[in-house]
Structures are given as structure tokens and as C-alpha cells.
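Welcome, and thanks for taking a look. Please have the sequence and the model open side by side while you read.

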Amino acid sequence: MFIRRYAWGLLAIAVFIGPVSQRAAFEKPGAAEPAAIPKTGQRVTWEGWTFTWSIHPRAGLVLRDVSFRGRKVLKYAGLAEIFVPYDRGQPRPTDFGNGIAKQMEELLPGQDCVPGSLRCQAFDRQGKEEGKRFVMLHEESTGLSYKGNRGRAYGKKLTLWNVYNLAGYHYINRWTFRDDGCLMPEMGLTGSLNHTGIGDVSRHGSVVGKTARGDKVFAPSHVHNIYYCLDFDIDGPDNNVVEEFNYRQDERGSLSGQHSWTPILKESARQWSAANFRSWRVVNRNSKNALGLPRSYELLPGGNGIFRGGTTEEFAQAELWVTQYHANEYPVEKRALKAALPSYLNEESIDGQDVVVWYVLHIHHIPRTEDWPAMPVDWVGFTLKPRDFLDSSPVTPQ
């Protein structure tokens, strides 16, 4: 897995994004900058969230020590692999190789920020606002977060992001923190279509344009499988367990149904079921909210379908894996994830342990004429949502 007390050896800056009045004061000419303090990574504090971001040589932009309203949510969160098999069988690249940090693209302050965003900041690899910038951070409004008989409430979100250039395909990697406690990892796919050629429409792809000579340009269909590594520490690393949610009709054709939360007690791989509204949550049974309910964070799946690899691709047979944390596993070890992940399932107990969740997003890309020659960004993501983590609603209507 990852080194929990990994010594990055960087002199980082403290990043604070506060209420509007504080931002305005901070941005006034001559206003004092926040004091630089020695930290292992780049620390951010915003609307109840605290976290540290850093650049890992293998995993790129990663998060560590993520807390919301004073309680720990994640020890670590980051990308683990991007697997892109093509419909015709080949190629089947895994894009991480020896690491994706070196594939980070330079970002342009004043140009690449979301229009209308507040206090957009751009950082170099060490978290300094100087030289070439590779990481951006900005705040923006989410609009209404509540509308009802109690009035209205408006929300906002903080987005930390970067871009990877993987052989011409560009991946916009975003971690979005909402002020209601939701964390939304997202990936934007853009850039240039790969493995194009001259040819006609087939069951394995599409015609997307023409060359200067008038020949048809064929682009093969493919699936992006985006793997995440999430080391949950719900109110601490101990006493955590993963539970699976399923809904079922009482009987086929019945007007009624029921749901269940079933604990996963041993290291397992689990498949998503849309028909059962399947999701998963990580629970700390010993940490209770004001109603006596155990605190948890729920993983709500995303993507536009499911993918199953060939029989030899064991790492591509599920959407979720749950393993016990071991400091010598990914991304410390050198094996590719496709070999490492299946080997982590050793029947170890994950009942009340320090658990790691591996989740994969799938998006099947069937190229279209609008993707040629410049492909508009296509977004895919999932949500980590507090469930009984707080004592009451996080919104305050007025």
C-alpha cells in the first residue's frame, strides 16, 4: 500500500481558503501572505475540510489525512491505475507504467481556471506559487443546496485538480470537496483519439472524419477503467468495516421492497449491481453520532456501465475490492496493479480493521464525429457521501 508516514522532505506552504471577507482581504494589494510552515505536503483548510495534497512519483496527485468537521475520513486517496482495453481485443495498455507524476501537464494561471471561480491558485510540484504550475485549486458556487419550507441554502465547492498527458489522451483529474461533506473524485477525458487508422465503420469502432486526401478516419472503441485507492479511516484507523447496501422487491412484481446493509468480513472483490441500487459504506462501529448511529462514509458508484476483462485479467472482474492495510503494498511495491491487486485477497479479516477500498470507474467510449480532430472533455466520477457521520443536516436554510 502506501507509506503512512512517508517523509516527503518538502518545505510546503499552508493554504487557507476562508469566507468571502477573508478572501477579499487576502487578495488586496499588499495584504500579508499566510506564513509558510514546514509540513509534509501541502495543507488545505476550507469550510470544515482539512487535507494535505502531494505529488507521488507513481500515483501523481494524492490526498492524505482528509478530515471533515474535525473527524478523520481518509488517510490516503489517489489514482492507482488506468486500464484501457480496446473492443477489438488489442491493445490493452495500463497507463501508469513506472509512474504518472512525470506525465503531469503544465497549467496556465489566469487561463485554465474555471471562469467565475474564486481565488484560483496554481502551484508547482512543491506547492509553491512560482515557476511552472502543475496543480490548481479554486472555489466555486454550487447554487442551491436546499430549497424547501425552511427557506433556501446555497452551497459551494473546492476543487483540486491537474492534467495528465498519457500518449496524447489527456486526463483532467479532479478532487472536489463540497461544503456539505461530499467528496467527488472525477476524471475528464479529452485530447486526441488514439490508434486511429484508415477504414470504415465496424462493430469495433466508428468513422470520425476524413483526412486531407478524403480518406475515412476510423477510431476504435475502447473502455477507460480508472482505478482508485482509498484508505478510509472513519474517525480513526481502527474498528472500521465495509458494508454493502442492496435493495430488493419483496417478491417479483410486488409493490413493496426492503433493503439491507451486509458487512464484508473478509478480503473480497465485489461487483456492482444497478438492479439492487448497490453501494458500499465504511463504518466505524465504535463512533456514534447524536442519534446513536455509527458514523460512516458511503461510496456511490459512477460510470456508464460495467466491464469484465479476459479470464486472465483477474484485476478486471469487479468494481470494488476491500483489503486490510499493509504498509508494504501499493504504491510502495514495484508490481503493476494488475498483478498486485488480486494477490492482496488473502482471506484476511477486515472486520474492525484498518481497511483499504479499491474502486474502479468504467466508461465505454464509442468515438463520434464530434471527437475529431479535437475531442471535447467527457466527465466520469463517483461520490463519497457522509452517512450518519454528522449529528444533523449540514445546511442552514434562511
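Helices (H or I, at least four residues) and strands (E, at least two) are DSSP runs, numbered from the N terminus. This is a predicted model, in which local features need pLDDT of at least 70, side-chain atom pairs count only at pLDDT 80 or more, and totals for chains, interfaces and linings use all residues. Residues are numbered from 1 along each chain as its sequence is written, and side-chain values use heavy atoms, with hydrogens and water left out.

## Cis peptides and positive phi

Let us begin with the backbone. Most residues other than glycine have a negative phi, and most peptide bonds are trans. Q90 and P91 are joined by a cis peptide bond, with omega about -5°. P91 is found in the loop between β5 (71–83) and β6 (118–123). Another cis peptide bond links Y330 to P331, with omega about 0°; P331 belongs to the loop between β20 (320–324) and α2 (337–343).

Two aspartates are worth a look as well. D65, in strand β4 (residues 60–68), has a positive phi of about 50° although it is not a glycine. D388 also has a positive phi, about 60°, and sits in the segment after β23 (383–387). Its relative accessibility is 28%, so D388 counts as partly exposed (buried means under 20% relative accessible area, exposed over 50%, partly exposed in between, with a 1.4 Å probe and protein chains only).

## The chain as a whole

The chain holds two helices and 23 strands. Of its 398 residues, 49% are buried. Its accessible surface is about 18400 Å², 50% of it belonging to carbon and sulfur atoms (by the Shrake-Rupley method with a 1.4 Å probe; for residues, only the protein chains shown count as cover). Among contacts (heavy atoms within 4.5 Å) with a separation of 6 or more, 63% are between residues 24 or more positions apart.

## A three-stranded sheet

An open sheet of three strands runs in the order β11-β13-β12, with antiparallel pairing (two strands pair if DSSP finds at least two bridges between them). Its edge strands, β11 (197–198) and β12 (205–210), each pair on one side only. β11 and β13 (residues 216–220) are antiparallel and joined by two bridges; G197 has F218 of β13 as its bridge partner.

## Nonpolar cores

A nonpolar core is a set of buried Ala, Val, Leu, Ile, Met, Phe, Trp, Tyr and Cys residues joined through side-chain atoms within 4.5 Å. The largest one has 87 residues, and W53, F177, Y227, L230 and W358 have the most contacts inside it. Apart from it lies another core, of seven residues, including L107, C113, M136 and I172.

Which residues does Y227 touch, not counting those up to four places away in sequence? Among them are G78, L79, F83, F315, W321, L341 and V360.

## Aromatic rings and charges

Rings of Phe, Tyr and Trp (its six-membered ring) pair if their centres lie within 6.5 Å; planes under 30 degrees apart count as stacked, over 60 as edge-to-face and the rest as tilted. By this rule there are 17 aromatic pairs. The ring centres of F51 and F177 are 4.2 Å apart and their planes at 5°, so this pair is stacked. F51 lies in strand β3 (residues 49–56) and F177 in strand β9 (residues 169–178), so the pair ties together parts that are 126 residues apart in sequence. Both F51 and F177 are buried. One aromatic cluster is formed by F83, Y227, F307, F315 and W321.

A charge sits over a ring if NZ of Lys or CZ of Arg is within 6 Å of the ring centre and within 35 degrees of the ring normal. R125 lies over the face of F134, at 4.4 Å from the ring centre, and the charged end of R281 is over the ring of W261, 4.2 Å from its centre.
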